[in-house]
Every structure is written in structure tokens, then in C-alpha cells.
Amino acid sequence: MTTSALHRPIDALAVGEVALIAAIDRAGLDPGTAQRLCELGFDEGVDVEILHRAPFGGDPLAVRVGNMVVALRRDMARLIEVEP
Amino acid sequence: MNAPVSITRQPVVALVGNPNAGKTSLFNALTGSRQKVGNYPGVTVERKAGRLALPDGRSAELIDLPGTYSLSPRSPDEAVTRDAIFGRIVGERPLDAIVAVVDATNLRNHLRFVLELKALGLPLVVALNMIDLATRDGIGIDSARLGALLDLPVVETVAVRRLGLEALGAALAARIGDTPPALPQERPSDVRALQKQARTLSASVQTSTGSARAWSQRIDAVVLHPLAGPLLLAAVLFFMFQAVFSWAEAPMGWIEAGVAALQAKLSTALPEGWLLSLLNDGVLAGVGAVVVFLPQILILFLFIITLEQTGYMTRAAFLMDRLMARVGLNGRAFIPLLSSFACAVPGIMATRTIDSPRDRLTTILIAPLMTCSARLPVYAVVIGAFIPARDVGPFGLQGLVLFALYLAGILGALVAAFALRRTVTKGAAPPFLMEMPKYQWPALRDVGLGLYGRATAFLQRAGTIILASTVVLWAMASWPQPPVGGTKPPIEYSLAGKIGAALEPIFAPIGFNKEIVIALVPGMAAREVAVSALGTVYALNDVSEDNAGSLIERLRSAWPLPTALAFLAWFVFAPQCISTLAITRRETASWRWPIFMFSYLFAAAYVAAGITYHLAVAAGL
């Protein structure tokens with residue numbers, strides 16, 4: 001894992017803030033989920049933005065990645081880090 | 001079907017693509033009403049096939065394969081797509097060509113799958129679908145350049161407006177040879193490398209990036225709003241259930257009148273006797289009592305299909321995820337569960353999109369708790385008989401009671417899921433990942449074809465399983481005939497009466513009378529049969545020869561209110577439905593789960609009906 005003090009998880013982004021994916025902690029996921037995440041467009045260097053947080057606790061998140069909008073839960077969002 | 005000696009072989013073409021690429025719209029546009037819906041052997045994934053006329057005079061069999069992101073399946077329906085491509089499905093012919101359906105507004109993600117398909121070496125044509133939406137959003141795509149870079153024919157299509165279909169047919173005809181191509185070999189592919197390649201490719205063919213999803217984001221600002229979103233969802237569901245009741249009123253009246261006219265005609269045309277009784281009291285009373293609910297079922301499906309097509313369903317799943325997570329499920333389970341409001345069978349089949357086996361099993365087990373349309377006839381009759389048709393504020397009391405029954409089913413399902421996830425389906429919560437497609441106008445043709453499919457399936461059930469069970473029930477309720485000079489109602493002497501009497505002690509503590517118990521037995525075939533069974537039982541149970549009174553009036557005089565309420569409570573859980581148990585057997589590949597499902601639903605139904613009955617009696621109702 002390439003955790004850097006400068007990286008933030010996408011979970012920490014404000015709604016509407018655009019950032020580039022810096023690292024994905026694929027070791028924290030089962031291989032199938034890691035692959036699906038990639039198939040949905042999550043990859044290093046791709047722009048992401050949090051569009052919505054669900055009511056009642058802000059979980060799950062609706063994340064725009066490229067032209068795709070993907071819903072995922074915060075525990076997974078924490079494994080995706082963005083550049084500051 | 002071709003004769004075995006025929007020289008012309010009908011080639012097989014499959015539509016393959018990401019979910020939400022507009023595959024089904026393209027399939028509907030290409031095949032129109034010439035489609036056949038069936039099942040793949042062994043699995044219950046829907047197999048949709050149709051005839052595709054090629055411009056060179058040949059015709060091909062076009063198959064709509066389930067949408068998937070890649071050839072590495074995460075769920076059973078995605079596995080069907082992979083197996084069909086690699087020719088591993090028994091009874092399926094190998095593919096001659098593939099149409100890769102691509103959403104032009106989401107090029108870079110969908111192109112990755114095209115690259116994966118291209119590596120197979122099968123004849124491949126790319127349908128650059130929804131090109132109109134790309135243009136609207138200001139996304140310019142050089143499709144000729146895309147074709148040159150991919151070294152594949154690329155055809156721009158707008159499935160919902162039937163644009164580009166001839167060009168697609170011509171491109172296909174040029175790629176389909178006289179002999180089938182060799183079966184492709186499965187090779188591992190590097191997703192990240194392909195994804196990177198797709199991004200580069202899409203960047204080099206897009207002449208302008210535009211503002212894709214601007215509209216969807218504006219709509220989502222309301223639909224997913226923390227406060228407005230849940231309120232809107234509740235309003236949509238509430239409106240849907242009110243509509244099911246109020247819009248269907250008139251057509252239901254016409255069907256009832258039609259059945260009554262037919263019965264009157266038969267009464268004058270045929271002599272009094274067993275044949276007339278079979279036709280009037282058995283077939284027409286039984287099947288008529290079920291067919292009358294066709295309008296309600298169609299309205300319910302109209303809402304579900306439309307909501308699915310607009311893209312709202314995944315928003316509902318997003319909003320519901322938190323609640324589902326509390327009981328150990330995820331938002332994805334919301335869509336199968338919502339389909340189960342129409343019928344648990346397609347709902348249970350829709351669980352194939354859930355990737356975690358435990359989640360899927362839990363969803364299957366609670367799906368029958370969603371109030372399916374087969375319960376509507378039962379609710380409708382009992383509510384019509386016992387709940388006064390007055391207004392409470394702006395709403396009808398009958399509609400409110402119906403809403404409460406739906407709510408009871410949902411709460412029951414949440415409690416059941418909570419309990420199941422901590423016992424029989426214990427295990428870690430799986431990750432939740434769900435694409436939220438852009439909003440789209442529902443296409444009339446796609447909604448129409450969807451509704452047509454549902455209506456024929458329902459009428460088929462009415463014409464087969466329900467017809468058969470009502471005839472059997474009629475026979476059971478008619479024989480043996482009462483002895484000469486018998487004083488009790490004829491049904492008491494019949495086989496059905498005897499079974500009812502034998503089972504009555506089990507159900508007496510929850511307020512059920514013998515007629516209800518008799519009706520519950522054939523109701524095993526399908527829940528709505530309970531209504532036709534009650535119709536048959538009460539029509540035959542009548543010694544006064546007065547067959548004019550409707551079932552509603554008969555029930556009103558025969559049941560005390562606590563019994564009626566207990567009956568409603570029973571049907572919230574009602575375990576009886578052979579089709580649901582059969583599909584559960586097939587989907588879980590064991591008898592263990594259908595037996596478990598039946599037992600736990602029976603126990604829940606019994607307890608709920610008992611509590612309702614005794615509370616109502618205690619309250620002096």
C-alpha cells in the first residue's frame with residue numbers, strides 16, 4: 001500500500017470537490033471486488049467527485065468516476081485515496 | 001424451425017454489453033414482437049431470443065445476453081453471458097457473431113469491455129448506442145476513427161428511435177460467414193491494462209467532451225436529496241399503490257360484467273346439471289375471480305417497468321441501502337424485493353444480480369414477504385367486504401388499509417432478514433458496488449413489450465395452473481354428493497369439506513372457519529386461487545340456490561370481522577405458493593431452503609393471524 005501522509009481517502013472529500021485517484025488499497029479487497037472496482041472505472045489517475053451522500057448517516061456515497069456514477073459504502077471508499 | 005436437411009443454417013448473434021448500454025432496447029427494436037422468452041437449462045436466467053432479418057435475405061437468431069461488465073462474472077446471470085460466449089451452455093449453439101453494445105455517453109468504460117470481447121477473435125460489430133444523447137450532451141465522437149483504431153465495424157445507433165438498425169444489419173451480414181467460427185478460448189485479461197487502453201482510445205476519438213450527465217445530476221440533486229429523496233420515494237410508492245386500486249376499478253368492473261354475462265348465457269344454453277355447474281361454478285367463477293385482477297397487475301408492472309427504465313430504481317436502491325445494511329443486506333436487494341411486489345418468482349430470479357451468496361439466499365428467503373400481486377385479489381376481496389369505503393382526509397380508508405398490509409410485509413421481511421443474517425445466513429457483509437445509470441425517458445415500445453410479457457405470463461397461469469386447480473377444487477367440493485334427504489350444506493359431505501373439517505382444529509384457534517381452511521388447501525397452487533376457491537366454496541355452499549350475490553357480500557355475512565382481519569394477517573406471510581417454492585428449489589439447488597422457507601412463513605403466518613384475531617376479539621370488533 002502506498003499510503004502517504006498527503007493522500008486522503010475519497011471519503012474525506014467534500015461534496016462537489018474533484019480530485020485524482022492516487023492509490024487504491026487493492027490488498028484490502030477480495031480479488032473479485034478489486035476487479036469490479038476497476039471495471040467500473042476506478043483507477044490511479046482518474047478523476048473522482050463525491051456527488052451525494054445518502055440520507056441517515058451519509059452512507060453509501062454516490063461517486064462520479066469519469067462519466068460513471070457508482071454507489072459504494074464508506075468502508076470501501078476509505079480504501080481509495082486521492083491526491084491532495 | 002429449420003428442417004434438419006436444410007442447407008441454410010441460421011446463424012446465432014448475441015447482444016453483449018454493460019448493463020445500461022441500452023441492450024434490451026436494441027433487442028426490442030431489432031426483433032419487435034418476434035421474440036421468445038424462455039430459460040437457460042439448469043439456471044433460471046431469462047433467455048430472450050428473436051429473429052433478426054439480415055439485409056442480404058438471411059435471418060439470424062438474435063440473443064439478448066444478460067448485461068455484464070466483463071467476462072469475469074460476479075453473479076449467476078453474468079456467468080450465463082460468459083458461458084454463452086464460450087459455448088458452454090448445453091443445448092445452445094455456438095455464436096456466429098457478437099454485437100457489442102456501447103453507451104456513447106460512457107465510452108471509456110464501455111470500450112474496455114469491447115477490447116476484452118475483441119480479443120476473443122469472434123466476428124464483432126460495435127453498436128455505438130444512444131449517440132443522440134451523446135450529441136445532446138455535447139459529446140462528439142468520431143466513429144469512423146473509432147472503427148479504424150479498433151479495426152472493427154462501428155455503427156451509430158439510437159435503439160429507442162430505431163436509427164442505425166439497417167447499417168447494423170449490413171455490418172453483421174458482412175461478418176457472418178457460411179461456417180460457424182471456432183469457439184473462443186478463455187484467457188485471463190489484464191483489466192487495468194485494458195481500462196488504460198480504453199481511456200486513451202476514448203480520449204483520441206472524442207472530438208468534444210461535453211457535459212455528460214448534466215441532466216442526471218440536476219435530477220439527482222432532488223431525487224437523492226437527504227430530505228426530499230426519501231420523501232419522494234415514499235410518495236412514489238404510495239402513489240403506485242393508490243393507483244393500483246383506483247385506476248383498475250373500471251376495467252375490473254368490465255371483466256366482472258363479462259364473466260357474469262357469460263355465466264348467464266351458459267345458464268340458458270345448457271340444461272341444469274354437473275356440466276353447467278362445472279363451467280359456471282368451477283371454471284368461470286374460479287378463473288374469472290383471478291383474471292379480474294389483470295388490470296391491477298398490469299398497473300403495478302407498468303410502474304415497476306417504467307421506474308426501472310428511467311433509472312430511478314437504482315436511486316431507490318441507493319436511498320434504501322442504509323436501511324438494508326441495518327438488517328444485513330445491501331441496497332441491491334431492494335430491486336428484487338420491489339419486483340417481488342409483482343410476483344416473488346421474477347423477484348427471486350432477479351436476485352441473480354446479487355453477488356454475495358449469503359445475501360442472495362437471505363433475499364430469496366424474504367422475497368415472499370413482499371406483497372405480491374397474487375395477494376392483491378385476496379386483499380381486495382376481504383378489504384372490499386369488511387373495510388368501509390370512506391375517506392380519511394384525502395385518502396380512501398381501503399387504500400390505507402392496503403398500504404398498511406404492504407408495510408406489514410416489508411417490516412416482516414426486515415425482521416426476518418435481521419434474524420436470518422444472524423442465524424442461518426450468518427457471515428461477513430459483502431461489499432456494495434452499484435452503477436447508477438443516467439436518467440432516460442422510458443421507451444413506449446420497451447414498456448409495452450415488458451407489459452405484454454407479464455400479461456401473457458399471468459393469463460397463462462390463469463389458463464393452466466389456476467384453471468386446473470379450480471376444476472380439481474370444484475370436483476372435490478362437489479363429490480361425494482349429499483345423501484338424499486341430507487340436511488347440512490352439500491359441501492359438508494364433499495371431499496373438500498372433509499379435509500377442511502380434519503384441518504379445522506389446527507386453524508380454529510386463529511379464528512379460521514372450515515370454508516377458509518378448504519380454500520387454503522388449493523391455494524397452495526397459487527395464492528390468488530384462495531379467492532377463486534372461496535368463490536367456489538361459497539357458491540356451492542349455498543343451499544338457497546341464490547347465486548346472484550357476489551363473493552364480497554357472501555363473505556360479509558359469513559365472517560366475523562376478527563376472522564377477516566386474521567385472514568388478512570395470514571396472507572401477509574402466507575407460505576402457500578407452489579411456484580415460489582419451486583423457483584427457490586431451483587435457485588438454491590436444494591430442497592432444504594424451500595422447506596425452510598415454507599416452515600418459517602407458516603409459523604409467522606399462524607402467529608400473526610392468531611395475534612390479530614385475539615386482539616380484534618379483545619377489542620370487541
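The model is predicted.

**Chain B overall**

- Chain B contains 26 helices and 12 strands.
- The C-alpha trace of chain B spans about 90 × 60 × 45 Å along its principal axes.
- Of the 621 residues in chain B, 49% are buried.
- Among contacts in chain B with a separation of 6 or more, 74% are between residues 24 or more positions apart.

**Where the two chains meet**

- In the contact between the chains, 28 residues of chain A touch 31 residues of chain B.
- On the chain B side, at least two residues each come from helix 3 (107–118), helix 7 (191–205), helix 8 (214–223), helix 9 (228–246), helix 13 (312–326) and strand 12 (433–435).
- Helix 13 of chain B gives the most to this side, with 4 residues.
- By class, the side of chain B that touches chain A has 13 nonpolar, 9 polar and 9 charged residues.
- Strand 5 (residues 68–72) of chain A and strand 12 of chain B run antiparallel and are joined by 3 bridges.
- Leu433(B), in strand 12 of chain B, stands opposite Leu72(A).

**Ala54(A)**

- Ala54(A) lies in the loop between strand 3 (47–53) and strand 4 (61–65) of chain A.
- Ala54(A) counts as buried because 25 other C-beta atoms are within 10 Å, and the cut-off for buried is 20 or more.
- Leaving aside neighbours within four places in sequence, Ala54(A) is in contact with Asp59(A) and Pro60(A) in chain A, and with Phe318(B), Leu319(B), Asp321(B) and Arg322(B) in chain B.
- Leu6(A) is 48 residues from Ala54(A) in sequence and 27 Å away in space, C-alpha to C-alpha.

**Helices 10 and 11 of chain B**

- The axes of helix 10 (residues 249–269) and helix 11 (residues 274–291) of chain B come within 10 Å and cross at roughly 175 degrees.
- That angle makes helix 10 of chain B roughly antiparallel to helix 11 of chain B, since angles over 145 degrees count as such.
- Residues of helix 10 in this contact include Ile255(B), Val259(B) and Leu262(B), while those of helix 11 include Leu276(B), Leu279(B) and Asn280(B).
- The residues of this contact divide into 8 nonpolar, 4 polar and no charged.

Notes. Residues numbered from 1 in each chain as written. Chains lettered and ligands numbered in written order. Predicted model: local features only at pLDDT ≥ 70, side-chain atom pairs only at ≥ 80, totals over all residues. Buried ≥ 20, exposed ≤ 12 C-beta atoms within 10 Å, placed from the backbone. Contact = placed C-beta atoms within 7 Å. Nonpolar A, V, L, I, M, F, W, Y, C, P; charged D, E, K, R; others polar. Pairing = 2+ DSSP bridges. Axes fitted to C-alpha atoms, helices over the stretch in contact; angles between N-to-C directions. Parallel < 35°, antiparallel > 145°, perpendicular 65-115°, else oblique.
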